[in-house]
Amino acid sequence: MVEAQTWTTRRMSNPRLDSTATADHEVLDIPVTPTADVRNSIYNVGSHLSPNLLTALIIASWFMSNIGVLILNKYLLSFYGYRYPIFLTMLHMISCACYSYAAINFLEIVPRQHILSRKQFLKIFALSVIFCFSVVCGNTSLRYIPVSFNQAIGATTPFFTAIFAFLITCKKESGEVYFALLPVVFGIVLASNSEPLFNLFGFLVCIGSTAGRALKSVVQGILLTSEAEKLHSMNLLLYMAPMAAMILLPFTLYIEGNVARITLEKARSDSFIVFLLLGNATVAYLVNLANFLVTKHTSALTLQVLGNAKAALAAFVSVMIFRNPVTVMGMTGFAVTVMGVVLYSEAKKRLKLQLTTH
């Protein structure tokens, strides 16, 4: 912080204004223009909160946004009767693009980064295609299977990540890491066989969503490797979201018909749909913002641990809200899968520690 100038420092020849000869309250301060950091801290909401309380509020917001978007998607697609998952995903992307632009350019939550080359643009476009596939499949699956089963399948992401990392980069993990993936697979097989509302199409598209999410993480690590091309997660979202919306537009028009006209007609008869869609799209962006804030105030490992807890909590909340039937065997399978993910995370952490020490 820049210290304020005083007449003492500017006119040391005047004994009456000498700091050694006067009381502190007699020194005349000349205000200076505050720096950018000082100006931003004035408007920083969390500046008046203790670090622990701020972190707790951010984590609570992360849980609420992640579970909230799942519940809203499920309600819209399965219970409200809005059966347009591609158009809904496109609204999410438009929302993320608009909110990201405002957050980066006006609120300045992170410095703005620019796409520097056509090659980098094509790499981000490729990621956007995978991103679209993953999100559309995830939203589509909620039409056919319960949130609890959706989350159980989603917990198998590390399994697909390990497969794609081996197939694409020939990266081999330790035996301990692969062993930890066994309960991940066994648990989901157990949960699938005992799921009362099992739907094959919903199961397959949810597997596609989970695989797409894993593929995106692997491909992103390959494509954006150089320091010049690396983008902050919020800047990456700023560029990926509008690309994803443009990719989804022809698909929603071809597959879902004139969905915009249908939505407008529905809004005239039931204005609640406007609130649902706007709220859903906003929460979809808040999920990404909460991910960034949790990583910033804690760590990527904490985000990984919270992801495991979120899956279990989201399953519980959805059962309480939607009253979908569950079985003891299904809950056991879910628990085994989550346990396997925890073992996998611990094995990866130990492997990374061994590599750094050697």
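Visitor: What makes up the chain overall?

Guide: This predicted model has 14 helices and two strands. Buried residues account for 43% of its 358 residues. The chain exposes about 19700 Å², with carbon and sulfur atoms supplying 68% of that area.

Visitor: Why is Asn 280 called buried?

Guide: Buried means under 20% relative accessible area. Asn 280 has 0%, so Asn 280 counts as buried. You will find Asn 280 in helix 12, residues 272-297.

Visitor: Which residues does Asn 280 touch?

Guide: Leaving out residues up to four places away in sequence, Asn 280 touches Val 69, Leu 72, Asn 73, Leu 76, Leu 88 and His 92.

Visitor: Why is Arg 323 called exposed?

Guide: The label exposed needs over 50% relative accessible area. Arg 323 has 62% relative accessibility, so Arg 323 counts as exposed. Arg 323 lies in the loop between helix 13 and helix 14. Its phi is near 60°, a positive value in a residue other than glycine.

Visitor: Where is Glu 108, and what is its phi?

Guide: Glu 108 is in the loop between helix 4 and helix 5. Its phi is positive, about 55°, although Glu 108 is not a glycine.

Visitor: Why is Tyr 178 called partly exposed?

Guide: Partly exposed lies between the buried limit of 20% and the exposed limit of 50%. Tyr 178 has a relative accessible area of 32%, so Tyr 178 is partly exposed. Tyr 178 belongs to helix 8, residues 175-193.

Visitor: What makes up the nonpolar patch on the surface?

Guide: Patch residues need over 30% relative accessible area, and Tyr 178 has 32%. The patch is formed by Ile 163, Phe 166, Leu 167, Ile 168, Tyr 178 and Ile 222, with about 510 Å² of accessible area together. Helix 7 (residues 157-169) gives the largest share, four residues.

Visitor: How do you know that helix 6 is mostly covered?

Guide: Eight of its eight residues are buried. They are Val 147, Ser 148, Phe 149, Asn 150, Gln 151, Ala 152, Ile 153 and Gly 154.

Visitor: What is in the largest nonpolar core?

Guide: That core has 57 residues, and those with the most contacts inside it are Leu 76, Tyr 82, Ile 124, Met 234, Leu 248 and Tyr 285. Two or more residues each come from helix 3, helix 4, helix 5, helix 10, helix 12 and helix 13. Helix 10 gives the largest share, twelve residues. A second, separate core of eleven residues includes Phe 149, Ile 153, Ile 188 and Ala 315.

Visitor: Where does UniProt place the feature "transmembrane region"?

Guide: The unreviewed UniProt entry places this feature at residues 53-72, 84-104, 124-145, 151-170, 177-194, 236-255, 275-294 and 328-345.

Visitor: How much helix is there in residues 151-170 and in residues 236-255?

Guide: Residues 151-170 are 85% helix and 0% strand, with end C-alpha atoms 29 Å apart. Residues 236-255 are 100% helix and 0% strand, and their end C-alpha atoms lie 28 Å apart.

How values were computed: Residues are numbered from 1 along each chain as its sequence is written. This is a predicted model: local features need pLDDT of at least 70, side-chain atom pairs count only at pLDDT 80 or more; totals for chains, interfaces and linings use all residues. Side-chain values use heavy atoms; hydrogens and water are left out. UniProt positions are given in the numbering used here, feature names are shortened, and annotations may be inferred rather than shown by experiment. Buried means under 20% relative accessible area, exposed over 50%, partly exposed in between (1.4 Å probe, protein chains only). Contact means heavy atoms within 4.5 Å. Patches are made of residues with over 30% relative accessible area and no salt bridge: like charges are joined within 9 Å, nonpolar side chains (Val, Leu, Ile, Met, Phe, Trp, Tyr) within 5 Å. Accessible areas come from the Shrake-Rupley method with a 1.4 Å probe; for residues, only the protein chains shown count as cover. A salt bridge is a side-chain nitrogen of Lys or Arg within 4 Å of a carboxyl oxygen of Asp or Glu. A nonpolar core is a set of buried Ala, Val, Leu, Ile, Met, Phe, Trp, Tyr and Cys residues joined through side-chain atoms within 4.5 Å.
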